[in-house]
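Hi,

Here is the structure I promised to pass on. Please have a look at it, and then read on for what turned up.

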Amino acid sequence: MERLRPRERQVFSGFTKAEVHNWFQNRLQDFPKIEKRMTEIPKACTSNKTQESSQVPEGEKSPDLSELEFEARSSKDGAWYDVAMFLTHRFLSSGEAEVRVRFVGFGAEEDEWVNIKQAVRERSVPLEHSECQKVKVGDLVLCFQERRDQAIYYDAHIIEIQRRMHDIRGCRCLFLVRYDHDSTEEKVRLRRLCRRSTHQL
């Protein structure tokens, strides 16, 4: 049985704000369409508190880049895993950008090159019982797929929802999902679903 790549966050010292800023600036060069959204990053990366407070409107918090978490899709099995760190990046002859990632819970021997545009995104968030009604047919979710030989996260679409009364255990609804990677279908509980981040990069 292959070793699983856990989604639980291990203790990680994190990136410096400058490292995150530089990584986003590199992405910005490759993807002009996100330029407007990236204009907030320099405000959060400055160490001058006076300058920072003058750039952020009063009453609004500046974004905390140290809280950003990412997931990446492995080329080995097509599943999504939490990223512990970005090691380096490169540009292919096609112009595509790739980044070398280390997955949470894995060593250097499991590092992979992944396409930034297609296989890196902000980390999906587990759904809470109170968010059950927000899940709609057709939604793209990240679903925990359990098989005899593996238990990992894949993209899936909600095909059907059987709404049920919630009880002391929380949401009892059943969600029929179709996995994107192999088109298999399965009924799952809410606890196995994660929502995609609303903050797209």
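Leaving aside residues up to four places away in sequence, A72 touches A79, W80, Y81, V83, V101, F103, V114, A119 and V120, where contact means heavy atoms within 4.5 Å. A72 belongs to strand β1 (residues 70-73); strands (E, at least two residues) are DSSP runs, as are helices (H or I, at least four), and they are numbered from the N terminus. The relative accessible area of A72 is 0%, so this residue is buried (buried is under 20% relative accessible area, exposed over 50%, partly exposed in between, with a 1.4 Å probe and protein chains only). A72 and R123 are 51 residues apart in sequence, while their C-alpha atoms are 8.4 Å apart in space.

A word on the source: this is a predicted model, in which local features need pLDDT of at least 70 and side-chain atom pairs count only at pLDDT 80 or more, while totals for chains, interfaces and linings use all residues. Residues are numbered from 1 along each chain as its sequence is written, and side-chain values use heavy atoms, with hydrogens and water left out.

Now to the rings. How many aromatic pairs does a search of the whole structure find? There are three, taking rings of Phe, Tyr and Trp (its six-membered ring) as paired if their centres lie within 6.5 Å, with planes under 30 degrees apart called stacked, over 60 edge-to-face and the rest tilted. One of them is F70 with F86: the ring centres are 5.4 Å apart and the planes stand at 70°, which makes the pair edge-to-face. Since F70 is in strand β1 and F86 in strand β2 (residues 80-91), this pair ties together parts 16 residues apart in sequence. Both F70 and F86 are buried. Another pair is F144 with Y153, with ring centres 5.0 Å apart and planes at 45°, so this one is tilted. Y153 is buried, at 16% relative accessibility.

R90 lies over the face of W113, 3.9 Å from the ring centre.

Next, the charged pairs. Side chains of opposite charge can pair when their charged atoms come close. With a salt bridge taken as a side-chain nitrogen of Lys or Arg within 4 Å of a carboxyl oxygen of Asp or Glu, the count is 14.

Among these is E131 with R195, whose closest N and O atoms are 3.3 Å apart. This pair links distant parts of the chain, 64 residues apart: E131 is in the loop between β6 (125-126) and β7 (140-146), and R195 is in strand β11 (residues 193-195). E131 is buried at 12% relative accessible area, whereas R195 is partly exposed at 31%.

R178 and E185 form another salt bridge, with their closest N and O atoms 2.5 Å apart. Here E185 is partly exposed at 41%, and R178 is partly exposed at 34%.

For R192 and E186, the closest N and O atoms of the salt bridge are 3.0 Å apart. R192 is buried at 13%, and E186 is buried at 17%. These two residues also belong to a network of salt bridges that links E146, R147, E186 and R192.

Best wishes

Note on methods
Lys NZ or Arg CZ within 6 Å of the ring centre and 35° of its normal.
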